[in-house]
Amino acid sequence: ARQYAGLFILRFEDTDPRKVGEEFFAMIREDLQQLGVAPDVECKESDSMDRYYQQARLLLEGGHAYVCTCPAADFQQLKETKQDCPCRWQRLDKALLRWQGMLEGSFAEGAAVVRLKTSMQEPNPAMRDPPLLRVVDHPHPLHGNRWRVWPLYNFANAVMDHANGVTHAFRGKEHEHNTAIQEMLYRSWGWTPPVTINFGMLYLPGAKLHKRDIPNLTFLQL
């Protein structure tokens, strides 16, 4: 960021209330401080809920997404057999009615999901109508029970990368399908996606590490 006169943004991905602890924010800040790194900007994804809802409605209105009410096991079966979800063909008025129902509490947790329209014929199962937003009935440590429809990783990242003006994203190779989903979202909104580089391993002095190896490390001398 410094080399290219850009900004280093510390963005907390805190849109799954079940996995967020208020103490984690302080731990991440402390880690960066110990490394001598000072962010130029700090933000939390959970502070942009209205923005997510606006973009979700645009996807629905543009025919790029739908609200799925199929039980999870049923949708998994459809995905494995490459069959279209019956919810995919709902009329716009029904889709918007279901969306409003998600926001107002008409659906229990797990009963309704906003899905991106890709293709159930995609070779990679993870690309077959992936979920974007879902109902989570769990208090958020910062927002309590104010919100009940929360964005998933790809949706929140695409919206916030654009809002933050991100030009380059660096992610592990296991996120290649997520990159493809986010690029589809960008184009659905008429945005230009950032340049994304997916790397396969980390190179450190005296070591060559895959991300999957890191949890097994007990000591690493630099």
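Modeller: Happy to! Leaving aside residues up to four places away in sequence, Val 113 touches Tyr 66, Val 67, Cys 68, Met 102, Pro 131, Leu 133 and Arg 134; contact here means heavy atoms within 4.5 Å. Before going further, please keep in mind that this is a predicted model, where local features need pLDDT of at least 70 and side-chain atom pairs count only at pLDDT 80 or more, while totals for chains, interfaces and linings use all residues. Numbering runs from 1 along each chain as its sequence is written, and side-chain values use heavy atoms, with hydrogens and water left out.

Val 113 belongs to strand 4 (residues 113–116); helices (H or I, at least four residues) and strands (E, at least two) are DSSP runs, numbered from the N terminus. With a relative accessible area of 14%, Val 113 is buried, a label for anything under 20%, with exposed over 50% and partly exposed in between (1.4 Å probe, protein chains only).

Next, the loop between strand 4 and strand 5 (131–135), where Asp 129 lies. Asp 129 has a positive phi of about 40° although it is not a glycine, and at 0% relative accessibility it is buried. Lys 82 also has a positive phi, near 60°, again in a residue other than glycine. Lys 82 sits in the loop between helix 3 (72–80) and helix 4 (92–104), and a relative accessible area of 35% makes this residue partly exposed.

The axes of helix 2 (residues 49–61) and helix 5 (residues 153–164) come within 11 Å and cross at roughly 110°, using lines fitted to C-alpha atoms, for helices over the stretch in contact, with angles from 0 to 180 degrees between N-to-C directions. Helix 2 is therefore roughly perpendicular to helix 5; that class covers 65 to 115 degrees, with under 35 roughly parallel, over 145 roughly antiparallel and the rest oblique. From helix 2, Arg 51, Tyr 52, Gln 55, Ala 56 and Leu 59 meet Phe 155, Ala 156, Val 159, Met 160 and Ala 163 of helix 5.

Two of those residues bring us to the rings: Tyr 52 and Phe 155 are linked by ring pairs into a cluster with Tyr 186, Trp 189 and Trp 191. The whole structure holds 7 aromatic pairs, counted when ring centres of Phe, Tyr and Trp (its six-membered ring) lie within 6.5 Å, with planes under 30 degrees apart stacked, over 60 edge-to-face and the rest tilted. One of them is the edge-to-face pair of Phe 12 and Phe 25, at 4.8 Å centre to centre and 75° between the planes. Because Phe 12 lies in strand 1 (residues 9–12) and Phe 25 in helix 1 (residues 22–34), this pair ties together parts that are 13 residues apart in sequence. Phe 12 and Phe 25 are both buried. Tyr 186 and Trp 191 also pair edge-to-face, at 5.6 Å and 80°, and both are buried.

Finally, the charged end of Lys 44 sits over the ring of Phe 25, 5.6 Å from its centre; the test asks for NZ of Lys or CZ of Arg within 6 Å of the ring centre and within 35 degrees of the ring normal.
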